[in-house]
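Colleague: I would like to learn how to read a few features of a structure. Could we go through one together?

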Amino acid sequence: MRAVRKPAEEQYRLVLECRRSGMTASNWCREKGINPQTFYTWRQFDWLMSGIEIEQPKALKTAV
């Protein structure tokens, strides 16, 4: 069965999480149940996402 596609913001967040974990991408993917090839595809588009604004909850937007 095919997995549900993750939105671009979620892909970007997962790439960052992997980088911050200190684990190899392969081991991190295995732990999270993500196909490594899928992860590497996300990582290719990481530079496109560098300028994206991830939505914040409304409470944080008003506080800032």
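Modeller: We will take the helix packing, then the cysteines, then one glutamine. Keep in mind that this is a predicted model.

Colleague: How do H1 and H2 pack, and at what angle?

Modeller: For a pair of helices, look at the angle and the distance between their axes. Here helix H1 spans residues 8–21 and helix H2 residues 25–32. Their axes lie 10 Å apart, at an angle of about 120°. H1 and H2 are therefore oblique to each other. The crossing of H1 past H2 is right-handed.

Colleague: Which residues of H1 and H2 make the contact?

Modeller: From H1 they are Leu14, Glu17, Cys18 and Ser21, and from H2 they are Ala25, Trp28 and Lys32. Sorted by class, this contact of H1 with H2 has 4 nonpolar, 1 polar and 2 charged residues.

Colleague: And how do H2 and H3 cross?

Modeller: Helix H3 covers residues 36–44, and its axis comes within 9 Å of the axis of H2, crossing at roughly 120°. That angle makes H2 oblique to H3. The H2 and H3 crossing is right-handed.

Colleague: Which residues of H2 and H3 make the contact?

Modeller: H2 brings Ala25, Ser26, Trp28 and Cys29, while H3 brings Pro36, Phe39 and Tyr40. By class, the contact of H2 with H3 has 6 nonpolar residues, 1 polar residue and no charged residues.

Colleague: How many disulfides does a search of the whole structure find?

Modeller: The search finds 0 disulfides. To see the reason, check the distance between sulfurs against the cut-off: a disulfide needs a pair of cysteine sulfur atoms within 2.5 Å.

Colleague: Are Cys18 and Cys29 buried or exposed?

Modeller: Compare the relative accessible area with the cut-off: under 20% means buried. Cys18 has 4% relative accessibility, so Cys18 counts as buried. Cys29 has a relative accessible area of 0% and is buried.

Colleague: Where is Gln11, and what does Gln11 touch?

Modeller: Gln11 sits in helix H1. Its relative accessibility is 15%, so Gln11 counts as buried. Leaving out residues up to four places away in sequence, Gln11 touches Arg5, Lys6 and Trp42.

Note on methods:
Residues are numbered from 1 along each chain as its sequence is written. This is a predicted model: local features need pLDDT of at least 70, side-chain atom pairs count only at pLDDT 80 or more; totals for chains, interfaces and linings use all residues. Side-chain values use heavy atoms; hydrogens and water are left out. Buried means under 20% relative accessible area, exposed over 50%, partly exposed in between (1.4 Å probe, protein chains only). Axes are lines fitted to C-alpha atoms, for helices over the stretch in contact, and angles run from 0 to 180 degrees between N-to-C directions. Helices (H or I, at least four residues) and strands (E, at least two) are DSSP runs, numbered from the N terminus. Angles under 35 degrees count as roughly parallel, over 145 as roughly antiparallel, 65 to 115 as roughly perpendicular and the rest as oblique. A crossing is left-handed if the near helix is turned anticlockwise from the far one by less than a right angle, and right-handed if clockwise. Contact means heavy atoms within 4.5 Å. Ala, Val, Leu, Ile, Met, Phe, Trp, Tyr, Cys and Pro count as nonpolar, Asp, Glu, Lys and Arg as charged, and the others, Gly among them, as polar.
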